[in-house]
Amino acid sequence: RHKTYILLLSALMLSACNENRDDNISVPKVPVKTLTLQGIVLGANAIQGAIVCLDTNDNLLCEAQEPQAKTNQLGAYQFNANAVAAQQTALVAYIPQGAMDVVTKEIIEKPYTLTTPTGKHAVISPLSSFVMETMRLHQGMDIDTASQIVSYQLKVKDFNVFKDYRNDNSEIAKLILDIVSESTKWGKNLENAPDTIKSYKHLFHTVTLNRLDFIDKRIPVKY
């Protein structure tokens with residue numbers, strides 16, 4: 001019995017030692033890679049006070065749990081996000097009531113939403129939004145094809161719809177800026193922010209169609 005007691009006691013002590021060893025083993029943490037997203041938000045001009053986020057649940061809203069930042073006095077934003085998510089997720093720019101056009105100083109009265117496809121975060125604008133909406137309507141369509149479709153709809157061949165059109169002195173860029181300016185004026189009274197992209201596209205096309213004669217005279221493009 002005495003020997004049995006000693007053997008049991010030894011086994012318990014050995015078990016306790018093993019448990020302590022397990023507790024002291026530190027599992028190295030794998031660092032989460034982050035990616036810095038930065039760019040500007042444009043209407044007719046840059047917009048101060050827009051909320052830009054990584055739309056992780058694809059609902060066209062900027063929610064508290066999503067990485068985000070507000071645009072500064074130049075209309076610029078910057079924030080860090082999980083690198084994997086950032087490379088697979090579109091961005092949304094929510095322009096709330098009280099945001100401001102940095103040039104005209106006009107205060108936004110009705111909120112609206114812009115977006116841009118994955119990897120195209122440098123400029124978020126109505127044009128990037130139209131590309132994104134085209135991709136939504138045609139699941140599986142790539143960015144280049146959607147961009148070409150939008151350019152064709154605007155009757156401006158090979159125009160980079162993701163560029164900062166304010167700083168381009170070409171005739172095509174000036175034309176795009178004119179149309180965006182008019183569309184922005186028409187769209188500022190939109191009510192439901194998540195539906196803005198579809199509504200904006202309709203408004204943009206309406207403005208474009210109303211100006212086709214002007215477009216044809218200014219920039220004749222053959223397809």
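The model is a predicted one, in which local features require pLDDT of at least 70 and side-chain atom pairs count only at pLDDT 80 or more, while totals for chains, interfaces and linings use all residues. Residues are numbered from 1 along each chain as its sequence is written, and side-chain values use heavy atoms, with hydrogens and water left out.

The account begins with an open sheet of 4 strands, ordered β4-β3-β6-β8, whose pairing is antiparallel. Strands (E, at least two residues) and helices (H or I, at least four) are DSSP runs numbered from the N terminus, and two strands pair if DSSP finds at least two bridges between them. At the edges stand β4 (68-70) and β8, each of which pairs on one side only. Neighbouring strands of this sheet are turned by 20° against each other on average, direction ignored; such angles run from 0 to 180 degrees between N-to-C directions, and the axes are lines fitted to C-alpha atoms, for helices over the stretch in contact.

Within this sheet, strand β3 (residues 51-54) is joined to β6 by 4 bridges, and the two run antiparallel. Valine 52 has alanine 93 of β6 as its bridge partner. On to strand β8 (residues 112-116), β6 pairs in the antiparallel sense over 5 bridges, and isoleucine 95 has tyrosine 112 in β8 as its bridge partner.

Strand β6 (residues 91-95) is mostly covered, with 4 of its 5 residues buried. Buried means under 20% relative accessible area, exposed over 50%, and partly exposed in between (1.4 Å probe, protein chains only). In β8, 5 of the 5 residues are buried, so this strand is largely enclosed by the rest of the structure. Tyr112, Leu114 and Thr116 point one way from β8, whereas Thr113 and Thr115 point the other way. In a regular strand the side chains alternate between the two faces of the sheet.

A further open sheet has 3 strands in the order β5-β1-β9, with mixed pairing. Its edge strands are β5 (76-82) and β9 (123-124). Strand β1 (residues 34-41) pairs with β9 in the parallel sense over 2 bridges, and valine 41 stands opposite isoleucine 124 in β9.

Among the helices, α3 and α4 pack at an angle of about 115°, with their axes 9 Å apart. Phe130, Val131, Thr134 and Met135 of α3 meet Ile143, Ala146, Ser147, Ile149 and Val150 of α4, where contact means heavy atoms within 4.5 Å.

The largest nonpolar core has 24 residues, of which Leu127, Val131, Phe159, Val161, Tyr165 and Ile176 touch the most other members. A nonpolar core is a set of buried Ala, Val, Leu, Ile, Met, Phe, Trp, Tyr and Cys residues joined through side-chain atoms within 4.5 Å. Helices α3 (126-137), α4 (143-153) and α5 (171-187) each supply at least two residues of this core, and α5 gives the most, with 5 residues. Leaving aside neighbours within four places in sequence, isoleucine 176 is in contact with Leu127, Leu154, Val156, Phe159 and Tyr165. Apart from this core lies another, of 19 residues, among them Leu37, Leu54, Ala93 and Ile95.
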